[in-house]
Amino acid sequence: MLFNSLTFFALFLPTLATYWLAPWQRARLALLLAASLIFYSYFHWPSVFLLLFTITFNYGMGRRQARVRSRLELAAIIAVNLSLLLWFKYAGFIADNLNEALSLAGTAWHVTRPPAFLPLGISFFTFQVIAYQVDVFRGEIPAEPSFLRFAVFKSFFPQLIAGPIVRAKDFLPQLRDRIAFDATLFHHGVWLVLAGLALKIGVADVLAQFADEAFRAPHTLSTAAAWTSLYAYAFQLYADFWGYSTIAVGLAALFGLRLPLNFDTPYLSASLQEFWRRWHMTLSAWFRDYVYIPLGGSRRHLARNLLVTMGLAGLWHGAGWPFVIWGLGHGLWLLMERYAPALPHGGSRIVRVLKTVLVFHGVCLLWVFFRSPSIAIAQEYFARLLWPHAGTGTSSVLTNWLVMVALVQWPLAWTFKQERFPALSLTRQWLLALACLYFVLAYAGARVDFIYFNF
Amino acid sequence: MSKASARLAWFVAGLLILLAALEIFERRHSAIIVAASHRGLTKIAMLDLHPSVDVVFLGTSRTQDGVSPDLVTRGLQAVAPELGEVPGFNAAFTGSSLGALISLVPRLDARRDIRVAVIELSDPQIFNEPAPWDETPRPTVTLEDRLADAVQGVHVVRYRKALLAGNLGRLPSLFIGASLGGWETKGTEQAASWLGHRESRATGFDPALWKPAIVAPDSAPQVIDPTLAEVAARLGSLARRFEDRGVKAVFTVPPLSASVHDMPERQGLRALFAEVARLGGCEVWDFAALALPEIYFRDVSHLNREGRAQYSEALARELVRLLKLR
């Protein structure tokens with residue numbers, strides 16, 4: 001169920017009221033689990049069985065891991081979880097590439113493509129549960145003894161579909177004791193939901209119109225329009241996922257639970273390494289802790305580790321070669337940053353601004369692979385970007401919108417941190433909330449899916 | 001109650017009060033709020049602020065930018081003072097389409113003062129994508145649809161289109177619409193008109209240069225393709241509809257720069273003009289047939305300030321005939 005739908009709020013508000021009226025923690029958890037399964041089934045009810053299977057399997061295996069601590073069993077558990085992801089998300093991609101290879105080899109064999117169906121959030125909940133199993137194996141956390149608590153951790157609806165990827169050590173302890181109503185956290189949650197909706201509806205969905213049009217027919221664009229449309233996509237993607245993550249953190253706060261923030265003004269980064277510390281932070285941390293460091297990190301085979309990690313990060317985002325190229329592009333760039341220490345890390349404010357502008361444009365150029373449905377479209381788009389072309393001009397509406405988004409991103413992100421919003425004066429709170437309500441009211445209606453639902 | 005709870009309560013209460021105030025404002029000014037949601041409705045609402053209008057101009061941005069009703073009125077007074085003051089209003093708007101025009105005209109029915117309707121006949125007026133303001137009712141299928149219908153009772157939600165950035169800019173013109181002629185698109189132009197500034201009349205007007213090719217109602221039937229035939233039929237019935245209500249209709253093909261030769265108004269649409277005149281029983285004033293210098297244009301199809309003055313003067317000369325006939 002989309003967070004930006006009336007149906008969601010019509011079901012969410014009674015759930016929230018019942019939650020706070022429920023006298024026992026178990027009743028609250030049972031309510032959260034039931035609500036999560038209902039919200040999840042609203043997309044596609046048979047997927048609930050897949051979710052229930054992974055909950056039961058990982059609960060049981062986690063308990064067993066705590067006792068036996070077997071590396072082989074851990075590998076088997078991860079393999080089972082990854083095989084589901086592989087089947088549902090990558091089987092078609094693998095079959096297509098196999099068929100291509102078989103055709104090139106001149107054989108008549110053909111692999112049947114499995115029916116395309118992607119259970120929502122599978123990439124997120126698979127990674128979340130792999131982290132849980134590894135942490136239990138490493139002894140960093142105890143295996144969760146309560147099935148109800150584990151099921152809530154695994155299925156908690158605000159973060160189930162598109163993150164943030166919550167770690168068990170951060171989330172499960174919050175479910176153990178009776179959650180007391182925290183007015184400041186609730187207050188902050190209201191703001192986060194409102195601001196997240198404004199980011200999604202008032203920014204991402206508006207910019208999507210321009211970006212979609214540009215990537216549908218890049219050959220019609222002038223060079224200036226190609227750049228502004230690329231900026232539109234960069235901020236659409238940012239506002240879409242930032243908005244979703246912010247709503248998720250806000251909804252959790254309304255239930256008295258804390259989730260980690262997922263974005264920290266990434267487009268203001270002065271290096272790509274910094275960018276990845278501020279963009280989709282929970283995914284970056286996951287790849288760092290469960291892929292990059294186990295591979296050897298920066299201690300040995302740095303180039304291999306970076307390229308494998310970022311290539312996999314690309315593939316995680318989508319089953320297609322443009323995503324792999326996008327990931328490898330980031331890997332190569334990170335590698336360049338490591339091997340080019342001559343580039344000043346600190347420096348004056350002007351140097352930092354210049355580096356920020358450069359990094360932003362580099363990230364934008366790589367988004368072309370991320371957004372293009374095929375390599376051919378990406379090539380066409382690059383041709384428009386990098387060589388002067390005449391064509392469709394730039395819309396002044398888009399320019400105004402981009403300037404506004406670029407200017408508000410930092411102050412907005414500031415209010416999201418450390419429950420700062422409730423500490424503002426009431427007048428400022430009302431003004432900010434009214435501004436968000438304005439965007440939600442004026443631009444609502446399209447009900448466009450969140451981009452990260454596809455990942 | 002703790003301090004944190006009190007702040008939360010104040011925040012929520014304040015927000016609800018502000019929303020309630022906005023709802024009350026929208027309910028009190030619902031006509032204006034609705035009108036702001038579409039350019040066409042804005043123009044009709046502005047027209048309603050004018051107590052007496054003899055000539056109404058309908059069309060796209062070519063007419064909106066190209067006709068100053070005040071200059072037409074003053075032009076008429078200069079050439080035919082016996083007609084007295086003939087106030088006009090420019091109800092043309094950017095992006096108008098045939099569908100929009102046909103939906104708009106019934107909204108003029110209540111205006112018994114209108115004597116002449118000058119309707120633009122151009123490629124964009126005919127072929128622009130329709131952008132009707134009456135939203136097509138959608139079937140209520142899902143729970144989301146039912147909920148969306150349920151919240152329509154709240155004005156802030158129902159007329160939320162008026163809040164869009166582009167539409168909000170129309171609100172001032174709806175409050176000062178009585179001072180505006182309808183051609184003012186920029187805020188500075190609106191402010192100037194509101195403060196009483198009047199545009200200068202055309203300098204060195206050459207009636208021979210601006211004399212349109214007139215397509216008479218008794219034109220011979222033309223062979224045109226079915227799409228254009230349907231357009232001609234719709235425009236013809238529009239003109240007849242005006243006639244039935246005692247309003248003289250006339251179609252104008254707005255001026256084009258002499259530098260362009262491949263515009264549809266100078267090529268494939270000429271047969272359509274004759275059909276419209278024949279079916280509508282009215283004249284078509286073809287200004288696109290003229291070879292006008294570029295100094296009057298800001299682009300090939302939109303007049304600049306001097307072009308507007310010249311075109312308004314030319315329209316006044318042609319309108320004299322119609323107004324004397326009535």
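The following legends describe close-up views of a predicted model.

**Figure 1. The interface between chain A and chain B.** At this interface, 31 residues of chain A are in contact with 23 residues of chain B. The two chains bury about 2,200 Å² between them, and carbon and sulfur atoms account for 72% of that area. Of the area that chain A buries against chain B, 27% is supplied by Leu6(A), Trp430(A) and Leu441(A), more than by any other three residues. The size of an interface is often given as the accessible area lost when the parts come together.

**Figure 2. Elements and polar pairs at the interface of chain A and chain B.** Between chain A and chain B, three residue pairs are in polar contact, both residues being at pLDDT 80 or more. Salt bridges across this interface number zero. On the side of chain A that touches chain B, the elements giving two or more residues are helix H1 (6-21), helix H9 (183-216) and H18 of chain A. H18(A) gives the most to this side, with 10 residues.

Figure 3. The whole structure contains 68 aromatic pairs over all chains. In the pair shown here, the ring centres of Trp401(A) and Tyr443(A) are 5.3 Å apart. The planes of the two rings stand at 70°, so the pair is edge-to-face, the cut-off for that class being over 60 degrees. Trp401(A) belongs to helix H17 (residues 396-416) of chain A and Tyr443(A) to helix H18 (residues 426-443) of chain A. The pair thus links distant parts of the chain, 42 residues apart. Both Trp401(A) and Tyr443(A) are buried.

**Figure 4. Charged side chains over aromatic faces.** Two examples from chain A are presented. Arg28(A) lies over the face of Tyr19(A), at 5.3 Å from the ring centre. In the second example, the face of Trp316(A) has Lys89(A) lying over it, at 5.3 Å from the ring centre.

Figure 5. Phe127(A) is part of helix H5 (residues 122-138) of chain A. With a relative accessible area of 6%, Phe127(A) is buried, because buried means under 20%. Leaving aside residues up to four places away in sequence, Phe127(A) touches Leu85(A), Ile165(A), Leu283(A), Trp286(A), Phe287(A) and Trp316(A). One of these residues, Trp316(A), is also the ring that Lys89(A) lies over. Leu237(A) is 110 residues from Phe127(A) in sequence and 21 Å from it in space, C-alpha to C-alpha.

**Figure 6. Thr246(A) in helix H10 of chain A.** Helix H10 (residues 223-254) of chain A holds Thr246(A). This residue is buried, its relative accessible area being 2%. A polar atom of the Thr246(A) side chain lies 2.5 Å from the backbone oxygen of Trp242(A). Not counting residues up to four places away in sequence, Thr246(A) touches Leu192(A), Gly196(A) and Phe416(A).

Figure 7. Side chains of opposite charge can pair when their charged atoms come close. Over all chains, the structure holds 35 salt bridges. In the one shown here, Lys200(A) pairs with Asp240(A), and the closest N and O atoms are 2.8 Å apart. Lys200(A) and Asp240(A) are both buried.

**Figure 8. A partly exposed salt bridge in chain A.** Arg138(A) and Glu140(A) meet through their side chains in a salt bridge, with an N to O distance of 3.9 Å. Arg138(A) is partly exposed, at a relative accessible area of 39%. Glu140(A) likewise counts as partly exposed, at 46% relative accessibility.

**Figure 9. Salt bridges in chain B.** Glu275(B) and Arg278(B) form a salt bridge through their side chains, at 3.0 Å from N to O. The two residues are three residues apart in helix H14 (residues 270-280) of chain B, and therefore about one helical turn separates them. Glu275(B) is buried, with a relative accessible area of 7%, whereas Arg278(B) is partly exposed, with 29%. Elsewhere in chain B, a network of salt bridges links Lys211(B), Glu283(B), Glu318(B) and Arg321(B).

Definitions and conventions: Residues are numbered from 1 along each chain as its sequence is written. Chains are lettered from A and ligands numbered from 1 in the order in which they are written. Side-chain values use heavy atoms; hydrogens and water are left out. Rings of Phe, Tyr and Trp (its six-membered ring) pair if their centres lie within 6.5 Å; planes under 30 degrees apart count as stacked, over 60 as edge-to-face and the rest as tilted. Helices (H or I, at least four residues) and strands (E, at least two) are DSSP runs, numbered from the N terminus. Buried means under 20% relative accessible area, exposed over 50%, partly exposed in between (1.4 Å probe, protein chains only). A charge sits over a ring if NZ of Lys or CZ of Arg is within 6 Å of the ring centre and within 35 degrees of the ring normal. Contact means heavy atoms within 4.5 Å. Buried area is the accessible area (1.4 Å probe) that two parts lose on being put together, summed over both. A salt bridge is a side-chain nitrogen of Lys or Arg within 4 Å of a carboxyl oxygen of Asp or Glu. A polar contact is a pair of N or O atoms within 3.5 Å; within protein, one must be able to donate a hydrogen and the other to accept it, and residues adjacent in sequence count only if both atoms are side-chain atoms.
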